[in-house]
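Hi everyone, thanks for making time. I'd like to walk you through one structure today, so please have a look at it while I talk.

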Amino acid sequence: TALLAATASAGPMSPPAAPGADCQPFLDDSPCLQPFPSNLYTKKANTPTGRRVNLPADAMPVNTEDAPINPAEWNRNDGFSPGSMITVHVPGLDTPQALENTNPVPLADISQYRRGRAPVVVIDQDTGKRHPIWAELDSNAATPEATNLLIHPAVNFKEKHRYVVALRDLEDANGSPIPAPRWFEILRDLHGNIPPDVGSQLKRYRGIFKALKKAGIKRDASLYEAWNFTVASRKGLTSR
């Protein structure tokens with residue numbers, strides 16, 4: 001009740017459409033919060049990190065009574081939590097067999113985050129170092145279509161740092177390679193006409209691809225998806 005009162009106090013909102021698990025940033029009209037966290041959901045600001053969270057209201061989750069979460073309080077922050085769980089929906093990487101075939105870093109052996117061809121990698125964009133993580137599928141999901149890949153930091157992310165998440169060499173339950181979503185394929189390959197919304201991300205992605213190259217991750221067809229996010233500053237985390 002207190003949470004609903006707090007969010008409601010930020011002002012009335014129209015109920016959003018149901019969040020799309022398999023949304024395509026820039027390329028369709030479905031409300032999108034995947035992958036998350038992402039600097040796509042921030043904007044430039046005069047803050048210690050230079051960013052401010054900017055969650056789209058029409059993509060926020062709703063409760064069982066279709067009451068939406070108001071993002072106003074989250075949108076005060078200058079980045080995301082140091083303990084953020086990273087979530088992304090990968091059609092095809094949504095069953096235990098697909099996860100086994102892809103073989104990301106497991107909880108039972110986190111040291112594998114250093115493995116040369118690790119399919120799920122998180123890189124500190126400011127230092128170039130890999131961050132220790134482990135990955136699993138959402139065991140609470142009722143169907144493959146609702147099943148997300150969850151990437152957990154084994155150690156909290158550093159305050160005020162930026163991180164790049166990279167997914168590569170992903171396989172489905174049959175062992176077949178999973179092709180990149182169209183929005184990322186455009187950014188990765190830069191072929192043909194680039195939609196304006198995708199083009200607006202080119203500067204951001206130059207930095208992402210530079211960090212991946214430095215980390216030895218190729219910008220080729222094996223790269224399924226990559227994005228970055230900013231962690232909140234100490235001031236942002238401990239003040240109001």
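I'll start with the overall fold, then turn to one helix and the spaces beside it.

One thing to keep in mind is that this is a predicted model. The chain has six helices and eight strands, and along the sequence they come in the order α-β-β-β-α-β-β-β-β-α-α-α-β-α. Of the 240 residues in the chain, 42% are buried. If you take the contacts with a separation of 6 or more, 68% of them join residues 24 or more positions apart.

Now please find helix α5, residues 202-214. Its 13 residues reach 18 Å from the first C-alpha to the last, close to the 18 Å expected at 1.5 Å a residue.

Which residues of α5 are buried? They are Arg204, Tyr205, Ile208, Phe209, Ala211 and Leu212. These residues sit on the same side of α5, because they cover an arc of only 155° around the axis. As a reminder, an α-helix has 3.6 residues a turn, so residues three or four places apart point the same way.

And what covers that buried set? The cover includes the strands β4 (120-124), β7 (162-168) and β8 (223-230), along with helix α3 (182-189). After the helix comes Gly216, with a positive phi near 80°.

How many cavities of 30 Å³ or more does a search of the whole structure find? The search gives one, and the largest cavity holds about 50 Å³ of space. Two residues of the buried side of α5, Arg204 and Tyr205, are in the cavity lining, together with Pro25, Phe26, Gln34, Pro35, Ser38, Leu40, Trp183 and Trp227. By type, that lining has seven nonpolar residues, two polar and one charged.

Finally, there is the second largest pocket, with a volume of about 440 Å³. It is lined by 17 residues, and those closest to its centre are Asn39, Lys44, Arg51, Lys203 and Arg204. Here α5 turns up again: α5, β1 (42-44) and β8 each supply at least two residues of this lining. The pocket lining divides into one nonpolar residue, nine polar and seven charged.

Notes: Residues numbered from 1 in each chain as written. Predicted model: local features only at pLDDT ≥ 70, side-chain atom pairs only at ≥ 80, totals over all residues. Heavy atoms only, no water. Helix = DSSP H or I, 4+ residues; strand = E, 2+ residues; numbered from the N terminus. Expected span 1.5 Å × (residues − 1). Buried < 20%, exposed > 50% of the residue type's maximum accessible area, 1.4 Å probe, protein only. Arc of directions from axis to C-beta. Contact = heavy atoms within 4.5 Å. 1 Å grid on protein atoms, 1.4 Å probe; cavity = no way out; pocket = protein on both sides within 12 Å on 5 of 7 lines; lining within 4 Å. Points joined across faces, edges and corners; volume = space filled by probe spheres on them. Nonpolar A, V, L, I, M, F, W, Y, C, P; charged D, E, K, R; others polar.
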